[in-house]
Amino acid sequence: MYAASEPDPGDVDSGLIAAALARRAGRSASLLADLDAVKAWLDATVRPGDLLLTLGAGDVGRMAPELCRHLAGKGVR
C-alpha cells in the first residue's frame, strides 16, 4: 500500500485490510506476498465458473492480464 497524493499516516496496511474483510464478511482472506504466490493460490482455489476480481493501483494493471493468461493456460476462463 502507498499514499497516492497525500501524506501516509502509516496506520493502515494490507494485513489490516485483509483481517477486516475477513471479519466483516465472515470468510477467510488471503494476503499474498508476490505474483508467484498469487498464481499458486489461484491454482489451488479457482475453479471454472468462478469470478476473479482484481483491485488496486500500479502493478495491478499488468498483473491482471498475466493472471488471466495463467488461468487460461490451466483451462480456466
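Which helices each supply at least two residues of the lining of the largest pocket? In this predicted model, they are helix H1 (14-25), helix H2 (35-45) and helix H3 (60-73). Of these, H2 gives the most to that lining, with five residues.

**Largest pocket**
- The space in the largest pocket comes to about 1300 Å³.
- Its lining is made up of 31 residues, and those nearest the centre of the pocket are Ser30, Leu31, Leu53, Thr54 and Leu55.
- By class, the lining of the largest pocket comprises 22 nonpolar, six polar and three charged residues.

**Second largest pocket**
- The second largest pocket holds about 170 Å³ of space.
- Val46, Asp50, Leu51, Leu52, Thr54, Ala64, Leu67, Cys68, Leu71, Val76 and Arg77 line the second largest pocket.
- Eight residues of this lining are nonpolar, one is polar and two are charged.
- Thr54 is among the residues lining the second largest pocket, and Thr54 is also one of those nearest the centre of the largest pocket.

**Helix H2**
- Val38, Lys39 and Leu42 are the buried residues of H2. They lie on the same side of H2 because they cover an arc of only 100° around the axis.
- These buried residues of H2 pack against H3.
- Asp36 and Ala44 are exposed, and they sit on the face of H2 turned away from its buried side.
- At the start of H2, the backbone nitrogen of aspartate 36 lies within 3.2 Å of a side-chain oxygen of aspartate 34.

Definitions and conventions:
Residues are numbered from 1 along each chain as its sequence is written. This is a predicted model: local features need pLDDT of at least 70, side-chain atom pairs count only at pLDDT 80 or more; totals for chains, interfaces and linings use all residues. Side-chain values use heavy atoms; hydrogens and water are left out. On a 1 Å grid over the protein atoms alone, a cavity is a set of points where a 1.4 Å probe fits but cannot get out, and a pocket is an open set with protein on both sides within 12 Å along at least five of seven lines; lining residues have an atom within 4 Å of a point. Grid points are joined across faces, edges and corners, and a volume is the space filled by probe spheres set on the points. Helices (H or I, at least four residues) and strands (E, at least two) are DSSP runs, numbered from the N terminus. Ala, Val, Leu, Ile, Met, Phe, Trp, Tyr, Cys and Pro count as nonpolar, Asp, Glu, Lys and Arg as charged, and the others, Gly among them, as polar. Buried means under 20% relative accessible area, exposed over 50%, partly exposed in between (1.4 Å probe, protein chains only). The arc is that of the directions from the helix axis to the C-beta atoms. Contact means heavy atoms within 4.5 Å. A polar contact is a pair of N or O atoms within 3.5 Å; within protein, one must be able to donate a hydrogen and the other to accept it, and residues adjacent in sequence count only if both atoms are side-chain atoms.
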